[in-house]
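Dear colleague,

I am passing on the structure below for you to look over. My notes on what was found in it follow directly after.

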Amino acid sequence: LSLVALKPLMTSISLGSGLVGGTFAPSMFLGATLGASYSKVMQLGYEGFSMFALNAFGPDVVAAITNNFSIAGPPAYSIVGMAAALAGVFRAP
């Protein structure tokens with residue numbers, strides 16, 4: 001988690017000072033890290049909602065939800081995060 005905070009800072013210093021420092025790899029790293037973190041948060045929220053629904057509505061509702069809905073794995077969110085960060089850095093549409 002400290003790399004997520006430190007990497008943009010060091011990239012900004014590198015670009016602002018004119019030193020050799022790319023924007024492609026840092027944006028890919030940042031997007032992948034944030035995407036994987038988002039996946040973990042979504043998984044925790046899904047598990048928490050399942051427990052809430054189990055207590056509030058019963059096992060039939062939870063079975064209906066869990067059989068028809070699932071959260072994608074961290075690699076899928078990492079790829080989406082990399083694409084979003086790269087599009088943001090390079091101002092792509």
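**Burial, fold and one backbone angle**

Of the protein's 93 residues, 17% count as buried, where buried means under 20% relative accessible area, exposed means over 50% and partly exposed lies in between, with a 1.4 Å probe and protein chains only. This is a predicted model, in which local features need pLDDT of at least 70 and side-chain atom pairs count only at pLDDT 80 or more, whereas totals for chains, interfaces and linings use all residues. Residues are numbered from 1 along each chain as its sequence is written, and side-chain values use heavy atoms, with hydrogens and water left out.

The protein has four helices and zero strands, in the order α-α-α-α along the sequence; helices (H or I, at least four residues) and strands (E, at least two) are DSSP runs, numbered from the N terminus.

As for overall dimensions, the radius of gyration is 19 Å, while a compact globule of 93 residues would have one near 12 Å, the radius being taken over C-alpha atoms and the globule rule being 2.2 Å times the number of residues to the power 0.38. Along the principal axes, the C-alpha atoms fill a box of roughly 60 × 25 × 15 Å.

Most residues other than glycine have a negative phi. R91 counts as exposed, at 75% relative accessibility.

Best regards
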